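Dear colleague,

Please find the structure below, handed over for your records. My notes on it follow.

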Amino acid sequence: MKTLITGGTVVNATGTAQADVLLDGDTIAAVLAPGSTLLGFDVAGNVDEVVDATGKYVIPGGIDAHTHMEMPFGGTFASDTFETGTRAAAHGGTTSIIDFVVQYAGENILDQYQLWHEKAAGNCAIDYGFHQILSDVQDSSLTAMDELINEGVTSFKLFMAYKGVFLSDDGQIVKAMQKGAQNGALMMMHAENGSVIDLLVQQHIARGETTPFYHGVSRPWQAEEEATHRAIMLANLTGAPLYIVHVSAKEALAQITQARDTGQNVFAETCPQYLYLSLEDQLGASSAEWGDFEGAKWVCSTPLRSKHEGHQHHMWQGLRTNDLQVISTDHCPFCMKGQKDMGLGDFSKIPNGIGSVEHRMDLIYQGVVMGEITLPRWVELTSTTPARMFGVYGKKGVIQPGADADVVIYDPNGHTSIGIGEGRTHHMNMDYSAWEGYEIDGHVDTVFSRGRKIVDDNTYLGRKGDGAYFKRGLSQYLI
Ligand code: URP
Ligand code: ZN
Ligand code: ZN
């Protein structure tokens, strides 16, 4: 199958150009001056389909490097399966995800890795890779890390929070980081001080402060800053490259910036929720159905931060200065009915997570509309750098000959209504939207995944199982 995308503006991280893009089978065959002929042939006359992208952007498919499809967590499972979550991602212009294989204490990481393959294989609409969560840093896990790197799992997430669930103590973290320093794996960190948070949670509950708002209050920025600093110091001690996930506090970002300024290999991501949503939104949230439990819709960790403290402004700034390099979603959806409502009367029992895999490209495009970031930076943060960071650049994250034909045609004059209310339908398996009522500029028109048109004008044309596992190399930011 040959497809020629004509008349569009190709946007790569390096800049924009008027160009036609020829897709041949799985790959991008050529990026051509508009209306080109090749070896005397009229290119348009030699293809199966010509897609007119006049007035639109032609961008590399989005890469969401932080998702949790059907994750067992908080006494339940994240509500999107690999099937529903990747289909929703496709609708939003994301053509690759990197999901986290979960290991709880006592479990064998290689068994868990196989289990994740069983969950994903034959179900995904788009291509996928895996990171591995390490919970109790067993000696066998350390040896298995080498094996996993050969399998294309080159990044490992540790947690400084969720005691008794995921938390690793500093000694365990150092052990895992020593291994990362040796084999080149990127060590990812959930940086929040779990002991402090557990104490504050108990104190709020004891005082009868049980509504979702207290989730955020009990996870203050100091707990994020302290853990971020500690993670950086432990990485410094061991020489391991470090990637801090879901950064929300400006003080944590300052720690990252300082470490980067000294030349340490510290990288970080933020997520759409930390750019647009705030603790005050959560406090003020109320509905006829849920009363003040409405705020449970936005319970995630790290939590939403106070808008009066300037965190959002600093996140945008960090994205411009490259102290934050990646925007992922941390897609971890739960329904209100039967899942989030486990925390009625006790916020600590609300499963933590927000679902956004479908909306990341649109939401971050608003940064271009608002003048916070440039068009190429939008592509860099959502596709090119995730590809480089996680070892798939060249195949993914760029419109260039030889790359996988993961291509999105994005209409800057289009409009997107987000949510599940009247006239809106999202595709994530959630009974609410954290972004209900967002009316935004821009629209994902057409999505190609390795040359196959899988979304056209809001219609899904793909099939479950189209997506394939990709083995990743080591981070391309490391030498
Ligand atoms: O609230 C969140 N972030 N849930 C998913 C687990 C994690 O820490 O990433
Ligand atoms: Zn986390
Ligand atoms: Zn996560």
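Before the details, some conventions. This is a predicted model, in which local features need pLDDT of at least 70 and side-chain atom pairs count only at pLDDT 80 or more, while totals for chains, interfaces and linings use all residues. Residues are numbered from 1 along each chain as its sequence is written, chains are lettered from A and ligands numbered from 1 in the order in which they are written, and side-chain values use heavy atoms, with hydrogens and water left out.

**The zinc sites**

Donors here are N, O and S atoms within 2.8 Å of the metal (3.2 Å for Na, K and Ca); water is not among the atoms, so sites may look incomplete. His190 lies in strand β16 (residues 186–190) and His246 in the loop between β17 (242–244) and α8 (250–261), so that the pair, 56 residues apart, links distant parts of the chain. Helices (H or I, at least four residues) and strands (E, at least two) are DSSP runs, numbered from the N terminus. Both His190 and His246 are buried, a term that means under 20% relative accessible area (1.4 Å probe, protein chains only), with exposed over 50% and partly exposed in between.

The zinc ion (ligand 3) is 4.0 Å from the zinc ion (ligand 2). Its protein donors are His66 (NE2), His68 (NE2) and Asp330 (OD), at 2.0 to 2.1 Å, and their spacing in sequence is H-x1-H-x261-D. The arrangement around the zinc ion (ligand 3) is tetrahedral because its 4 donor atoms subtend angles of 87 to 134°; four donors count as tetrahedral if all angles lie between 85 and 135 degrees. His66 is buried, at 0% relative accessibility, and His68 is likewise buried, at 4%.

**Helix α1**

Helix α1 (residues 82–91) is largely enclosed by the rest of the structure, because 8 of its 10 residues are buried. Among them are Phe82, Thr84 and His91. The buried residues of α1 pack against β13 (94–101), α2 (109–120), β14 (127–133), β21 (439–449), β22 (452–456) and β23 (459–460), where contact means heavy atoms within 4.5 Å. Gly93, which follows α1, has a positive phi, near 85°.

Yours sincerely

Key:
Tetrahedral: all angles 85-135°; square planar, octahedral: opposite > 155°, others 65-115°.
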